[in-house]
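Me: I've got a model open and I'd like to learn how to read it. Can you walk me through a few features?

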Amino acid sequence: MSSLAVPQAEPRAGSTPGAAQDSRPPLRRRIALVPTVTLLLGALYCLLPVAWVVIAATKSGRELFSTFTFLPGTGFAANIRDLTAYRDGVYWQWMANSALYAGLGALLSTCVSAVSGYALAIYRFRGRETIFNVLLAGVLMPPVILAVPQYLLLAKADLTDSYLSVLLPQILFPYGVYLARIYAAAAVPTDVVEAGRMDGAGEWRIFTRIALPMMIPGMVTVFLFQFVAIWNNFLLPYIMLSDDERFPITLGLFTLLEQGANTPALYTLVITGAFLAVLPLVALFLVIQRFWSLDLLSGAVKS
Amino acid sequence: MKSTARRQSYGVRGAPYDHPSRTTTLERARSAPYFFLLPATLLFALFFALPIGYAVWLSFRKVKVSGLGLGSGARREVWAGLENYTDALSDSELLHGALRVLGYGCIVVPVMLGLALLFALMLDSEKVRLAPVTRLAIFLPYAIPGVVAALLWGFLYLPDVSPFYYVLDRLGMPQPDLLDGGPLYLALSNIAVWGGTGFNMIVIYTSLQAIPAEVYEAAKLDGATPTQIALRIKIPMVAPSLVLTFFFSIIATLQVYNEPTTLKPLTNSVSTTWSPLMKVYRDAFGEGDIHGAAAQAVIIAFATLLLSFGFLRAVNRRQKQEAAR
């Protein structure tokens with residue numbers, strides 16, 4: 001402020017050292033500043049609740065309501081102990097369940113997507129577009145509309161409230177099939193498939209030995225999509241399960257919050273639980289984000 | 001393009017070199033796609049088609065209670081015709097839910113896509129600093145389950161623990177109740193915007209990156225400013241991605257369920273029938289009215305499909321018009 005008060009005394013006094021060497025017109029520098037600041041504000045907005053939960057998880061129940069929000073507390077270790085002690089460690093059971101649903105589910109689902117996407121991309125056959133369009137229409141079905149009759153049908157098969165009831169309906173992901181088709185079309189040249197045939201390889205062998213290795217980078221993305229989708233799913237387990245031993249973490253935290261509404265002592269458990277539940281996915285995200293094929297994300301693969 | 005691919009994938013017709021087992025290979029190649037699509041078809045039939053068919057069937061039935069409803073045979077399932085549908089369509093609770101979701105969508109979709117486009121353009125602009133870090137930060141909420149996101153924001157909305165209220169309190173400003181009335185819409189919309197902006201930003205950003213550099217160079221030679229380039233070149237060229245993100249956002253909005261359900265324990269203003277899908281759930285499992293719930297589900301699914309196809313047709317028509325020009 002004071003430098004502004006002295007007009008033209010030191011023309012570059014208020015600017016940064018790096019900017020002083022910049023010989024380009026000042027207008028361009030200012031425009032480069034606007035995007036950076038906008039993005040920083042966006043990042044701040046997106047990180048705020050995460051930062052809050054990191055700090056809130058360190059507070060004891062009393063500190064949560066008495067100290068300033070962004071001041072770290074002293075109860076982190078105690079909170080984890082309480083969470084682990086809660087109903088004989090059911091929280092860790094929920095984490096293990098989520099890992100099972102998401103890990104196994106995404107693996108199976110990626111296999112189905114890969115084989116379907118490959119078939120839809122490489123072969124020309126009667127009913128190809130019909131099958132593809134019908135599968136894609138599955139994307140448009142609101143989950144509740146599927147989940148209610150799925151529950152009733154699985155109840156008839158005596159499968160509700162089991163691991164299978166959450167696993168099976170999530171194996172087919174129309175969006176995964178769509179992505180796999182785009183990727184297979186771009187990554188697997190038909191000449192290579194043809195050459196495999198000339199050498200007398202069977203269709204299945206061509207798929208597993210030649211095409212699948214070429215599709216691996218895209219399938220990693222599909223796997224991650226399905227993993228995140230299953231890990232984040234709430235509605236299906238909410239409808240299917242009643243025994244909390246089989247709950248995934250999302251449903252577990254929700255029931256904890258529901259009980260916490262009556263007993264504020266549980267709030268610290270909910271917050272610590274939410275913090276720990278975010279960690280695995282954020283870690284997964286940071287590790288693999290460099291492998292994410294961003295082109296595939298938007299379905300815009302260039303051949 | 002299509003015809004060449006057909007020839008290539010079936011073996012070279014009239015090729016000079018005749019493979020010894022050519023007929024068997026060809027036959028195998030013909031049946032192979034059906035074999036490959038078997039798991040997906042089977043899963044689709046079992047977990048998509050069958051439940052949808054079952055829901056439609058249930059929606060035309062009702063439970064008839066004779067006498068006092070006691071003893072076996074007192075509760076019978078009978079044909080109801082369109083009765084469940086007329087009930088659902090004249091149900092004011094369902095209508096109010098639909099209106100609430102409409103209001104919610106009118107906030108979420110423009111704000112979320114506007115922010116996503118803004119951030120994507122900023123990421124794509126020249127000499128921007130910290131782009132990789134901020135891009136990752138803005139995309140991060142995608143990894144956080146909707147329930148956990150609603151839970152985190154729910155706590156940030158609670159006066160007792162929220163930093164916003166603390167700051168407002170210190171400044172001596174009025175403290176609005178974010179979990180009631182009109183602000184509740186903003187509170188819920190904020191959760192959806194927070195969770196969805198990053199994903200849409202990446203989709204738009206990816207298609208911005210696909211624009212060839214020569215286009216910008218030509219524009220610069222013509223003396224266009226960065227703002228003009230953004231408005232006149234970048235935005236029109238990423239229009240297909242904008243259409244795609246718009247489409248998916250509308251569908252996601254119609255299906256809002258997790259966020260209001262998660263906020264419910266924190267406030268009394270979110271009813272069990274806040275959104276139409278919540279009402280379907282409540283009627284099916286809370287009230288045990290499976291037939292009524294099925295009819296409502298069919299109506300919502302039908303409305304979704306109608307909206308989707310209407311939207312896609314409108315987009316296609318516009319594209320054709322533009323191609324004709």
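This is a predicted model: local features need pLDDT of at least 70, side-chain atom pairs count only at pLDDT 80 or more; totals for chains, interfaces and linings use all residues.

Me: Which residues of chain B does UniProt list for the domain "ABC transmembrane type-1"?

Reply: The unreviewed entry gives residues 98-311 of chain B. In the model that span is 76% helix and 0% strand, and its end C-alpha atoms lie 19 Å apart.

Me: What does the secondary structure of chain B come to?

Reply: Chain B has 15 helices and 2 strands. Of its 325 residues, 46% count as buried. Taking contacts in chain B with a separation of 6 or more, 62% are between residues 24 or more positions apart. Its accessible surface is about 16800 Å², with 64% of that belonging to carbon and sulfur atoms.

Me: And where in chain A is "transmembrane region" annotated?

Reply: UniProt's unreviewed entry marks several stretches, among them 130-152 and 172-189. Residues 130-152 of chain A are 91% helix and 0% strand, with the end C-alpha atoms 28 Å apart. For residues 172-189 of chain A, the figures are 78% helix, 0% strand and 26 Å between the end C-alpha atoms.

Me: How many disulfides does a search of the whole structure find?

Reply: The general idea is that a disulfide is a covalent bond between the sulfur atoms of two cysteines. Here the search over all chains finds 0.

Me: Why does A:Cys111 count as partly exposed?

Reply: Because its relative accessibility is 48%, and exposed means over 50%. B:Cys106 has 56%, so B:Cys106 counts as exposed.

Notes:
Residues are numbered from 1 along each chain as its sequence is written. Chains are lettered from A and ligands numbered from 1 in the order in which they are written. Side-chain values use heavy atoms; hydrogens and water are left out. UniProt positions are given in the numbering used here, feature names are shortened, and annotations may be inferred rather than shown by experiment. Helices (H or I, at least four residues) and strands (E, at least two) are DSSP runs, numbered from the N terminus. A disulfide is a pair of cysteine sulfur atoms within 2.5 Å. Buried means under 20% relative accessible area, exposed over 50%, partly exposed in between (1.4 Å probe, protein chains only). Contact means heavy atoms within 4.5 Å. Accessible areas come from the Shrake-Rupley method with a 1.4 Å probe; for residues, only the protein chains shown count as cover.
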